[in-house]
Structure formats: structure tokens, C-alpha cells
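Hello,

Here is the structure I promised to send over. My notes on it follow below.

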Amino acid sequence: MNMEEFLNSPILDCHIHYPHPAQMQNLVQICDTLKIDRFNIVCTPDRSRLSLVPDALHLKAHHPQRVFVFGGLDISAYFRAPQQVGTLFADSLDLLTTAGCDGIKMIEGKPDMRKMLPIPPFDSAVFAPYWEKMARTQVPLLFHVNDPEEFWDAARIPDWAMQRGWFYGDGTFINNESQYAEIFHVLSRNPTLKVIFAHFFFFSAQLPRLAELLDRYPTVYVDLTPGIEMYRNFSASIEKTREFFIKYQDRILFGTDIGARALLTNPQTDIELTESRERVTLIRNCLENPGEYTLQPGSGFLFGRQEAPFRGLGLPEAVLHKIYHQNFEKIVSPTPRPLNPLLIAGMCAQIETMIQVLGSSQPGVPGDPSVVREIKSYFESIA
């Protein structure tokens, strides 16, 4: 399906990954082709480069009216000062937002990240200063918590997820309900926290439970970034899903996960137009198409084999405009924050030093300061 066949609406993608500055022109061209007018880069940790925030701010510098950035937290704090992470993260909010970040991205709730990093319980006293400041300042957070519930069930987990090591039912990963309980405690203590839960909070098969959460906390939102299971669950209960989308039309955001494949592939690959198109087509068909639709076999990263057709919601245009761009504009801003080049250059210098320190202290972990060094030079030149 061509993009021209969909509703002519501005599109603001709240959930795109940007794995490397070498992908700048490619990503922009893909977004042009797919009619994505503006987009939000969500920054996740990188094993060899620690932070991808400088990359995203560098992209934003070249497209300041088009690119939003949700910066990632400094994960070295989990190792350096595990009993002070909440205070350190709270202090870092001012730096990130003043530098030009429009919000915060946390991947720490993904179960394999909880296993890999020494992350304290989210509802522990250690984290409290961070949540309190996030709620007080109303800095928006895009938070990945858990994964599809079938990833804890050996009989239900898809083959592709098992192959990626995402089976969490062996007792060595956090239980999904335990992690939900932590998040519910955080919200009960910080009820004005402005948070967008990625991937529909993995509640696409539990809409009444998600409705209860949205009713209780008016600054909680969800995005539509696949998980393919989300769209299977929507199709299986299409009328109730449509009722949910109509009722909560102000709380749902468009997101695709474009760039995830390039980010997660080792060695990294280019962001692909075909795979990106399939993501956009899946989501827009779900929202706009009142009937059945299908996917191209094997074209979507982490989609698996999808032979049976999906069913669409056929939402009204006014609802589509909210999901496509207006909700993000209301929650975050219609326009990206300005950048502070001098502050970004200083941030790059700190990351460069930290890469060198961690590289020397953790044998086998190859540190790569080359990219952040180049970005530092760029921002020094325009400061």
C-alpha cells in the first residue's frame, strides 16, 4: 500500500532509533518517503559508546525543526554509584533538557536489561529522587517496561524471540508482574508523572487493565510501537479495541521502532526502507482500514510469520489526527527544544572520558570514543 492511499495528515513518529550518525541521510530519506514529517529519536545505551545522546543531538542540529530527542540516562551510574542513582539521574535532567533533549527514554524495564545492569527496584528509595523530580518538572518519559507476556511462557514464546534470547521464564529474569508492581508503586507515589509506556505497556490483551490505569493517572499514555502481538490482539477483539481507541483517543501516540533492526543487529546494518515501510503500513492499516489487511511475508523485523490477515479499526479522522501528531504535540511540544552547542560539547567530553575509563577497567568491553569525539568537534565549531 502506498503512503498516498492513507489519510493526508501530519505524522509525528514518537519512537525511532538512530544507531549511528552515518545513518543520517538514510533515515531522513526514509522518513520523507514514508511521509513522516517529524520524529522523536529515543536514545538507548550502547555497549561500546555508552550513550547515543550525542548522535541524536547531532542529527537534531542538522534538522532542528523536525527532530525531537528523548535522551537516555547515564547507565555508568548503576556501576559507579548504585545507591545514588536516583539523585544522579535527577541531577542529570537539567543537563539533558538544557542541552536540547525534549524528554527521557528508559529501556531499563526491558527484562534482559534488568538482568544485564545492576538496576535497583524502580520503587526503591534509591530511585525516589528521580521520580519525584520527573513528576515535579513534568519532563516527559518514554518507558519500556516488560515485554510480551508470552516471553515468560516456553509453550507460547515465538521462535524468533527464543532465538534472540528473550525467553524470560527460566527464573533468572524479573517476573513481568513483579515489575508491573514496581511501576504501579512508582505511579501511586508520583501520580502526576508524565510517562508514555512503549508498546502499549504490553497490555494489548488486557485492555480493561490498561483502561483502569489510564483512568487513575491522567498523565499516563501509551504508544503503538510494534510488538506484532499487539496487532494480533487488536484483531482478535476488534470491536472492543475500537471502543478503547475512541474512549482513550487523547492517550495514544503513533510510534514505529524504525531503526531498531539496525540498532540490534551485530554488526550494525543500515536502516532499511522496506522494513521501515512495513512498520508504518502495519500501524496505519490498523488505524485507518475498516477491513482486513495482510503483511508482506518476512518483511518486518521481529514480526515472525504472519499468514492470517489482520483486522483494522477504521478510526474517524479526528481521532487519527490526535494519534498521528496532536497528542505528542500536547504532551511534549509542537516544536523541538533548541540546542545548547557548548553544553553538548562538554557532555561529549565527559562521555569520551568515561568510555576510556570503562574500557580500561572492563577487559573485553571495547570502548569506542571516535564518534563522540567527532560530534564534540562539530558542536565546538558551532558554539
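What volume does the second largest pocket have? The second largest pocket comes to about 490 Å³. Before the rest, a word on the source: this is a predicted model, in which local features need pLDDT of at least 70 and side-chain atom pairs count only at pLDDT 80 or more, while totals for chains, interfaces and linings use all residues. Residues are numbered from 1 along each chain as its sequence is written, and side-chain values use heavy atoms, with hydrogens and water left out.

Pockets and cavities were found on a 1 Å grid over the protein atoms alone: a cavity is a set of points where a 1.4 Å probe fits but cannot get out, a pocket is an open set with protein on both sides within 12 Å along at least five of seven lines, and lining residues have an atom within 4 Å of a point. Grid points are joined across faces, edges and corners, and a volume is the space filled by probe spheres set on the points.

The second largest pocket is lined by 27 residues, and G72, L73, D74, I75 and I351 lie nearest its centre. By class, this lining has 17 nonpolar, six polar and four charged residues (nonpolar: Ala, Val, Leu, Ile, Met, Phe, Trp, Tyr, Cys and Pro; charged: Asp, Glu, Lys and Arg; polar: the others, Gly among them). At least two lining residues each come from α3 (77–80), α4 (85–99), β4 (103–109) and α15 (341–361), with α4 giving the largest share, five residues. Helices (H or I, at least four residues) and strands (E, at least two) are DSSP runs numbered from the N terminus.

Now for the chain as a whole, which has 16 helices and 10 strands. Its radius of gyration is 20 Å, close to the 21 Å that the globule rule gives for 383 residues, so the chain is as compact as a globular protein of that length (C-alpha atoms only; the rule is 2.2 Å times the number of residues to the power 0.38). Buried residues make up 59% of the 383, where buried means under 20% relative accessible area, exposed over 50% and partly exposed in between (1.4 Å probe, protein chains only).

The largest nonpolar core has 108 residues, of which Y130, F197, F200, L224 and F245 touch the most other members. A core here is a set of buried Ala, Val, Leu, Ile, Met, Phe, Trp, Tyr and Cys residues joined through side-chain atoms within 4.5 Å.

A few loop details may interest you too. N190 lies between α8 (176–189) and β6 (195–197) and counts as buried, at 9% relative accessibility. Beyond four places in sequence, N190 is in contact (heavy atoms within 4.5 Å) with W131, E132 and A135. Q138 has a positive phi of about 60° although it is not a glycine, and is partly exposed at 27%. N146, also not a glycine, has a positive phi of about 70°, but N146 is buried at 0%. Finally, the peptide bond from P226 to G227 is cis, with omega near 15°.

Best wishes
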